[in-house]
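Hi there,

Here is the structure I promised to pass on to you. Have a look at it first, and then read my notes below.

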Amino acid sequence: MDQQQRKQVGFSIWYFLLALLGIWLIQIFFVQPFLLNRSEVPYSQFRQDLAAGRIDTVSFSGDRIVYTLKPEAAGGDGAGTGEAANAMPVIHNVVVVEDPNLTADLIAAGVTFSAEAPSNNMLVTLLAWALPFLPLVLIWYFMFKRMGGGRGNVLSVGKSKAREISGELTGITFDDVGGAEEAEVELREIIDFLKSPERFTAMGAKLPKGVLLVGPPGTGKTLLGKATAGEAGVPFFSLSGSDFVEMFVGVGASRVRDLFQQAKAKAPCIVFIDEIDAIGQSRSTVGAIQTNDEREQTLNQLLAEMDGFEPNNGVVIMAATNRPEVLDKALLRPGRFDRQVQVPLPTEPGRREILAIHTKNVKLAPDVRLDRIAQITPGFSGADLANIVNEAALLAVRRNGQQVTMNDIDLAIERVVAGLQRKTPLNDEVRRKVAYHEAGHALVASLLPTQDPVHKVSIIPTAKGALGYTLQMPEEDQYLLGEQALRERMAVLLGGRAAELVIFDELSTGASNDLEKVTQLARRMVTEFGMSEPLGPVRYVADAGMGYLGGRSALRPELGPETATRIDQEVRQLIDAAHEQALELLRTNIAVLHEIGGVLQEKEVISGDQIKQIVAGAKSEPVEAGTH
Ligand code: ADP
Ligand code: MG
Ligand code: ZN
């Protein structure tokens, strides 16, 4: 596709150069002789020249008379000053005047005269007139080409970039999608329809025109779209919302028109609009003016197209978004994207399936257990899992291994979770502090039953700048957290700082990230979850379409400053309580803290099992541990 497009561009440049050459030649042979040696004279002068017998030839062309003087006569002619020395005949131009006797006089004077076809002259005049604009046109042409990113020439600016990939060619089916059974069931109906629309039409059934796939990034929405086309064996037209929004106003709308025209010609087929939020954002809540105009036009065109074609014409429109809440309500009305299919993050069995799909062509060592990987990766999307498998394979290649081992996978998970490992060693004092900090997190987490078990503690710095990290992994997917669990989560987050206080009686900068998380959590408990007694079950934050992206939300604007102060006080109180709890736990288990901290300094990394052993050992022999 790309190559073919490049060829087209090449062709147009050759045509262009050819035209340039042609214009140049015309100018040399036709325009120049006319332009040079030419002078405008009054009709009376023409009459005088004629009467004096100085005229050699006369040519009528359009509303002008062009005449040449006899060579011997040119010298004495006043109007032709300076041109006489020229080898070329002197040419004079005269505007035609109503003169019935002229022809007779010309014949009498024995002058050769003729009439030129006016069109010929027109062409020359036109060229002579257009020539000065050529550089401008050239500049314009190349500027547009630049702006288009070299993706084609200016003439195809409005042409849709939708590429037709036939379903059979992509070869993607539901076998390539893991852990999305529910979405697949919903899409089956669409597939049946695309396979034999006449059955549905005969029954008088109307199918939804548009299907909106909704889910967090990387959960396989695009993949599901392709698989739907693949299963039905129909062409798949795909365009991303951001493709529509380009720099020329009106281009987006014409793209939409074009896309639907192409699609209708190829029906049955699927039109897939990825990241539809880029054009489909609510029209009322927009800020800047210019880009919105463009986006609004595009959106309106899309709505018009969707309304314009009759149902059951065989075109099914699918769209994907991870921010359904920002979409314009008009898009979700009946007759448009009236069906939504949820594509959530995969559950554990789903993750196992996805891993199986992506490890199909990977050489796995016998010790690799996909179910174990699936177990420790809740919250990971299909794209994350695909990434982990690929990372692991890369690691195996780098160490010249024959197979991908469980260790490669563990390392790959860490990379995806905590960034790349850096190898620069830290000085002993910093190491000691980091070790106790992480030990504090790990110990508090291990001592609190509501908290996810510690999977791994490390004081190997990550590429993202963390000096160490404590990785907790839930044993099962959690959808609902109790207040107790949230409070204790704060204690875990504060465990690092508490350990620094208990051991060194001094704080460091290492806890700033923890504090950020704690503050955010406490704030949400107060303002969103209604977990503060004095403030009650009231939502205090403004609704800002954050969706899956999360992030901080602002307080409702109508709230007064006293409320803001009380919220701050409540947040403070929650955090203080959690800090107390962490300090208390660490003080009573200080021997275990020393043990974990010591092992960490020595080994840099402790596994979850080892932590469990240390904590359990301390519990069964409290006296001995206490004397440590
Ligand atoms: P989305 O469009 O939801 O952001 P994509 O479909 O672009 O996600 O997924 C990106 C890649 O992640 C896919 O090409 C595929 O390799 C992998 N992937 C995501 N979800 C799944 C899944 N459910 N099954 C298999 N692979 C998946
Ligand atoms: Mg996608
Ligand atoms: Zn920390």
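These notes go from the whole protein to its cores and then to one pair of helices.

Please keep in mind that this is a predicted model. The protein has 25 helices and 14 strands. Of its 628 residues, 42% are buried. The accessible surface comes to about 33,500 Å², and carbon and sulfur atoms account for 56% of that. If you take contacts between residues at least 6 apart in sequence, 74% of them join residues at least 24 apart.

Now for the inside. In soluble globular proteins, nonpolar side chains tend to be buried together. Here the largest nonpolar core holds 50 residues, and among those touching the most other members are Leu443, Val444 and Met490. Several elements supply at least two residues each, including α19 (428-447), β12 (454-458) and α22 (561-588). The biggest contribution is from α20, with 10 residues.

Finally, how do α19 and α20 cross? Their axes come within 7 Å and cross at roughly 130 degrees, so α19 is oblique to α20. The crossing is right-handed. Residues of α19 that take part in the meeting include Tyr436, His437 and Val444, while those of α20 include Val492, Leu493 and Phe504.

Enjoy exploring!

Best wishes

Conventions: Residues are numbered from 1 along each chain as its sequence is written. Chains are lettered from A and ligands numbered from 1 in the order in which they are written. This is a predicted model: local features need pLDDT of at least 70, side-chain atom pairs count only at pLDDT 80 or more; totals for chains, interfaces and linings use all residues. Side-chain values use heavy atoms; hydrogens and water are left out. A nonpolar core is a set of buried Ala, Val, Leu, Ile, Met, Phe, Trp, Tyr and Cys residues joined through side-chain atoms within 4.5 Å. Buried means under 20% relative accessible area, exposed over 50%, partly exposed in between (1.4 Å probe, protein chains only). Helices (H or I, at least four residues) and strands (E, at least two) are DSSP runs, numbered from the N terminus. Contact means heavy atoms within 4.5 Å. Accessible areas come from the Shrake-Rupley method with a 1.4 Å probe; for residues, only the protein chains shown count as cover. Axes are lines fitted to C-alpha atoms, for helices over the stretch in contact, and angles run from 0 to 180 degrees between N-to-C directions. Angles under 35 degrees count as roughly parallel, over 145 as roughly antiparallel, 65 to 115 as roughly perpendicular and the rest as oblique. A crossing is left-handed if the near helix is turned anticlockwise from the far one by less than a right angle, and right-handed if clockwise.
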